[in-house]
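Biologist: I would like to go through this model one piece at a time. Please put it up and I will ask as we go.

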Amino acid sequence: MGIREELEGRFGDSFSDSLVERLSHTADMGFVPQLVWTGMKINIIPDYVVYPKNVEDLIDLVKIANKYNVPITPYGRGTNRYGNAIPADGGILVDFSKVDKIQVDDVNKIAITEAGATWKFVDIAAQARGLQLRTFPSSYDSTVGGGVAGDALGIGSYQYGYICDNVAFVEMVNPKGEVVRLEGKDLAIVCGAEGTTGLIYRVGLRLRPFSPTESLVLSYDNFEQAYRGIGEFYRESIPAWHIQVRGPAISTYIAENFKASLAPEKWNMVVLYPSNVSSIVEPKLYRVAQNTGAKTFEG
Ligand SMILES: Cc1cc2nc3c(=O)[nH]c(=O)nc-3n(C[C@H](O)[C@H](O)[C@H](O)COP(=O)(O)OP(=O)(O)OC[C@H]3O[C@@H](n4cnc5c(N)ncnc54)[C@H](O)[C@@H]3O)c2cc1C
C-alpha cells in the first residue's frame, strides 16, 4: 500500500487528490513576484488535500506523512499575503475548515477554540456570554490557527498587543505526531512560527467583558498635522482600545462605500474605545483635536 491508499483509507471523504481540490489550494492572498517564480523551482501544487475533523485525524496525518517522508502544509483561510499557506514542495495540504468547535469558559473569561474557527464566530460565541475578543486581525473571517501561527497584530492591538499576548495555551500536534500543550514562555515555539513547528489544534484565547464599542475620528488636512495629532494622542495616555490612521485615498473609499463618519480626501485618525471608558477617553480626544486643529466626527 502506498501513501495515496493509506490516506484515502484513513480519511475517506475528507481526503482528495482531485485536480480541482489540489489547484484550489495553490494560492493565498500573497502576490509572488515573477522574479521568485523564475528564480526558484518550487512546487506549489499539493499532491493530496486532507480535511481533518479532530485531533486523532491530525496525529494520524503526521504519522503517515513521516512514514512516507512527505511535507505537510497547514491552511486556514488562505488570507495571508506572503504565500505562507501554500506548499513549496507538493505533499499534503491540511485544510482546517472542519476543525472549528468553540466553547466559552465565562468563569475564567477564556474561549477554547479549535484552530479552524474564525475570529468572527469566536466573537459571536463570546458575546452570547457577555464577553468579547480582546484583539483579532482585521480579516475577521480568517482562522484562529492562522492568527496564532502568524502572531498577528490587528483590531484592538493598541490596548492588547499581539494575538499571542492574549493566548492562554495552545495544543498542537508536533512533528513526531504527539499532542503537546504550550503555555507561558513555551508559546514562543508556535507563535509566529507559521506552522513550521506543528499543527495547531486548539487555542485558549483570553477574552474581555463586553461593552459596546464607540468611535471618534480626528480629521486632518495634511500628514504633518496628523503626525502632530498622533504625538499628542500618545502624550495624553488615552485608554483607547484601537487606533488607526487612514490616508486620503482609503478615507475616500471608506466614506463612499461604507458611509463611515470620516472626512474623504483627508488624513483620518480613527479611535475606538469601549463605552464604559468614554467619559475618560472623549475629553482627552477633544483636547487633542483642539490642540492640533482637527475636525471631529462621532461614530
Ligand atoms: C482584508 C485583510 C485584512 C487583514 N488584516 C490583517 C491584520 O489586521 N493583521 C494581520 O496581522 N494580518 C492581517 N491580514 C493577513 C491575514 O489575514 C492574517 O495573517 C491571518 O491571520 C491569516 O489567517 P488564515 O486563517 O487566513 O491563515 P492562512 O493564510 O491560511 O495561513 C497563515 C499561516 O498560518 C499557518 N497555519 C494556518 N492554520 C494553521 C494551523 N492550524 N496550525 C499551524 N499553522 C497554521 C499557515 O501554514 C500559514 O503559514 C489581513 C488579510 C486580509 C486579506
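Biologist: How many bridges join strand β8 (residues 167-173) to β10?

Modeller: This is a predicted model, in which local features need pLDDT of at least 70 and side-chain atom pairs count only at pLDDT 80 or more, while totals for chains, interfaces and linings use all residues. Residues are numbered from 1 along each chain as its sequence is written. Strands (E, at least two residues) and helices (H or I, at least four) are DSSP runs, numbered from the N terminus. β8 and β10 run antiparallel, with Phe169 opposite Gly204 in β10, and the number of bridges joining the two strands is six.

Biologist: Which residue takes a positive phi in the hairpin of β8 and β9?

Modeller: β8 pairs with β9 (residues 179-182) in the antiparallel sense over four bridges, where pairing needs at least two DSSP bridges. Glu171 stands opposite Arg181 in β9. The hairpin has five residues between the strands, and the one with a positive phi, near 85 degrees, is Gly177.

Biologist: Which helix gives the most to the side of domain 1 that touches domain 2?

Modeller: The protein chain is divided into domain 1 (3-97), domain 2 (100-209) and domain 3 (213-298), with bounds from an automatic or database domain assignment. The C-alpha centres of domain 1 and domain 2 lie 22 Å apart. Their contact (C-beta atoms, placed from the backbone, within 7 Å) takes 15 residues from domain 1 and 18 residues from domain 2. On the domain 1 side, six residues come from the helix that gives the most, α4 (residues 55-68).

Biologist: Which domains does the ligand lie between?

Modeller: The shell around the ligand has 32 residues, and the closest are Gly76, Gly145, Gly146, Ala152 and Gly195; a residue counts if its C-beta atom, placed from the backbone, lies within 6 Å. Both domains give residues to this shell, so the ligand lies between domain 1 and domain 2.

Biologist: Which element supplies the largest share of that shell?

Modeller: β3 (72-75), α6 (144-150) and β10 (199-209) each supply at least two residues. By class the shell has twelve nonpolar, 16 polar and four charged residues; Ala, Val, Leu, Ile, Met, Phe, Trp, Tyr, Cys and Pro count as nonpolar, Asp, Glu, Lys and Arg as charged, and the others, Gly among them, as polar. The largest share, five residues, comes from α6.

Biologist: What is the order of the strands in the open sheet of four?

Modeller: The edge strands, each pairing on one side only, are β12 (242-246) and β14 (295-298). Eight bridges join β11 (residues 213-220) to β13 (residues 267-274), and Thr213 stands opposite Pro274 in β13. Pairing in the sheet is antiparallel, and the order is β12-β13-β11-β14.

Biologist: At roughly what angle do the axes of α8 and α10 cross?

Modeller: Gln225, Arg228, Gly229, Glu232 and Phe233 in α8 meet Val288, Asn291 and Thr292 in α10. By class, this contact has two nonpolar, four polar and two charged residues. Axes are lines fitted to C-alpha atoms, for helices over the stretch in contact, and angles run from 0 to 180 degrees between N-to-C directions. The axes of α8 (residues 223-235) and α10 (residues 278-292) come within 10 Å, and the crossing angle is roughly 145 degrees.

Definitions and conventions
Two residues are in contact if their C-beta atoms, placed from the backbone, lie within 7 Å.
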